[in-house]
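Welcome! Please take a moment to look over the sequence and the 3D view below, and then let us walk through some of the details together.

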Amino acid sequence: MADTTRRAMLAGMAALPAAACTELAETGPAGDLFDAAEDWHRAAHRALASRQALAPEYAPDERSPDIRGNGSLTVDTPEYREQLANGFADWRLEVGGLVANPLSLSLADLKALPQRTQITRHDCVEGWSAIAEWTGPQLSRLLDEAGVREEANFIVFRCADTLYGRAYYESVDMVDAYHPQTIIAHELNGEPIPEKNGAPLRMRIERQLGYKHAKYLTGIEAVASFDDIHGGKGGFWEDVGDYQWYAGI
Amino acid sequence: MKRHALSTRIWHWINAVAFIVLFGSGLTISNAHRYLYWGDYGFDPADAWLAVMRFPSWMTIPQRYDLAEARDWHNLSAWIFALALLFMWIASLINRHFWRDVATSPGDWSPRRWLEVIKSHISGDHEKPAKFNPLQRIMYGVVLGILLPLMVFTGLAMSPGFEPIAPWLVDLLGGRQSARSLHFLAAWALAGFAVLHILLALLPSQWKELGAMITGGKKESRHG
């Protein structure tokens, strides 16, 4: 009996900071500090490295044996099944929003653009990493062709997949949108991207965590703000789980 | 000069709070993927050198599993922890705390001296020395000079936004997943130190010392 009390007390003591943190996180000031810290990280990263500084690239023999599928592993619609069966011959990527010339591109159009191939590391927010080779045109190239207007502050990525019944989407600011390693990948390790990794098109945002790398890409949209898009926080996980919008840490 | 300079005391207590928040939120982050790897990549439990236990909710911050909120706590307190550590190191070098109290001399590395220190502690008849004993110097040196800075550097090495600033840091630590493993190991080494440190501080003979870490303690006599 005495032992139970003592153990309960010890557990209670250990849980005290945790309970205090939960209380603080659910009230205003801690949330504001969290947002401020996110801004400090982004500002510090950009002050210390150039805006174009590259994420490390690896040699072919440093690739991992596979790249784990995570989050959506397919798009559960008859339309997607059909596209998958015919090699995505009818898949279109729409480029729109605050642009002078909206584009609608087929996979063949994307492959006809200058390509960038990079062997980079994918870091999931959960902690695991995988290294793979990705090929595709740079996003900056598409944005230049579409003629992004001055008022645009963010690029939103629209996706075909849904999780928990909600459409997946993501967004980055113009610095990461115009980064040389930000590509619209259509190949993984020299092959068309497999279904579990986002076939046929997937964003690569190499200086940020995995949830920024939107899969099953259908649209690219230049916007002034994302206040009116879905939950208003700039991405699926940001809306659903309150994940940090700046995923550089 | 007081036994503990004001800068040492301020750092000690800020660091204590930051460490508790970092450790608790770190356990939640560990629960998100409970496998550790060496090298640049790792995602398959079959390749892990360690499958970590799932930490129970009474140990974690927050108490429910919430990776996003744990990361918020972790990344906010990391700033406080790292800036406080930098402040403490600069202050210790300027006020000579490091050279006077922590830096070891060759005589401190004698296992015979260590045995004497342990024996006198067990028998309880040791006099309160004005300076740290060799075991304290070595332990504080390892904590302040190796483990705490290692937490900062391995933490930075795991940030994909920081990596373009110093890719050599990730290489030096043996790759991103090695940095993650070292972060985990150093965190538990520090937790082990903290438990020992608190237990020793709670010994009745040490109560004055506990007070001194709050008030600064009596002025120390040069010949005491």
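Leaving aside residues up to four places away in sequence, A:Pro192 touches A:His186 and A:Glu187, where contact means heavy atoms within 4.5 Å. A:Pro192 sits in strand 9 of chain A, residues 191-192; helices (H or I, at least four residues) and strands (E, at least two) are DSSP runs numbered from the N terminus. With a relative accessible area of 59%, A:Pro192 is exposed. Here buried means under 20% relative accessible area, exposed over 50%, and partly exposed in between, using a 1.4 Å probe and protein chains only. The C-alpha atoms of A:Pro192 and A:Tyr243 are separated by 30 Å, and these residues are 51 apart along the chain.

## How to read this model

This is a predicted model, in which local features need pLDDT of at least 70 and side-chain atom pairs count only at pLDDT 80 or more, while totals for chains, interfaces and linings use all residues. Residues are numbered from 1 along each chain as its sequence is written, chains are lettered from A and ligands numbered from 1 in the order in which they are written, and side-chain values use heavy atoms, with hydrogens and water left out.

## Chain B in outline

Chain B has eight helices and two strands, and along the sequence they follow the pattern α-β-β-α-α-α-α-α-α-α. Its C-alpha atoms fill a box of roughly 60 × 35 × 35 Å along the principal axes. Of the 224 residues of chain B, 46% count as buried. Among contacts in chain B between residues at least 6 apart in sequence, 71% join residues at least 24 apart.

One buried residue to look up is B:Ser178, with a relative accessible area of 5%. B:Ser178 belongs to helix 7 of chain B. Not counting residues up to four places away in sequence, it touches B:Tyr37, B:Trp38, B:Gly39 and B:Leu173.

## Where the two chains meet

How many residues of chain B are in contact with chain A? The count is 37 residues of chain B, which meet 53 residues of chain A. The size of an interface is often given as the accessible area lost when the parts come together. Chain B and chain A bury about 3,700 Å² between them, 65% of it on carbon and sulfur atoms; buried area is the accessible area (1.4 Å probe) that two parts lose on being put together, summed over both.

Between chain B and chain A there are 15 residue pairs in polar contact, both residues being at pLDDT 80 or more. The elements giving two or more residues to the side of chain B that touches chain A are helix 1 (6-32), helix 2 (67-94), helix 6 (167-172) and helix 7 (176-201) of chain B. Helix 2 of chain B provides the largest share, nine residues. A polar contact is a pair of N or O atoms within 3.5 Å; within protein, one must be able to donate a hydrogen and the other to accept it, and residues adjacent in sequence count only if both atoms are side-chain atoms.

A:Gln244 gives a close-up of this meeting place: it touches A:Glu38, A:Tyr211, A:Glu238, B:Ala68, B:Arg71 and B:Asp72, not counting residues up to four places away in sequence. The side chain of A:Gln244 makes a polar contact with the side chain of B:Asp72 at 2.8 Å. A polar atom of the A:Gln244 side chain also lies 3.4 Å from the backbone oxygen of B:Ala68. A:Gln244 is buried, with a relative accessible area of 4%, and its place is in the segment after helix 7 (236-241) of chain A.

## Charged pairs

Side chains of opposite charge can pair when their charged atoms come close. A salt bridge is a side-chain nitrogen of Lys or Arg within 4 Å of a carboxyl oxygen of Asp or Glu, and the whole structure holds 23 of them over all chains. Two salt bridges are counted between chain B and chain A. A:Arg121 forms a salt bridge with B:Glu163, with the closest N and O atoms 2.7 Å apart.

Within chain A, the side chains of A:Lys212 and A:Glu170 meet in a salt bridge (2.9 Å, N to O). Both A:Lys212 and A:Glu170 are buried. In chain B, the side chains of B:Glu116 and B:Arg113 form a salt bridge (3.4 Å, N to O). B:Glu116 and B:Arg113 both lie in helix 4 (residues 111-123) of chain B, three residues apart, about one turn of the helix.
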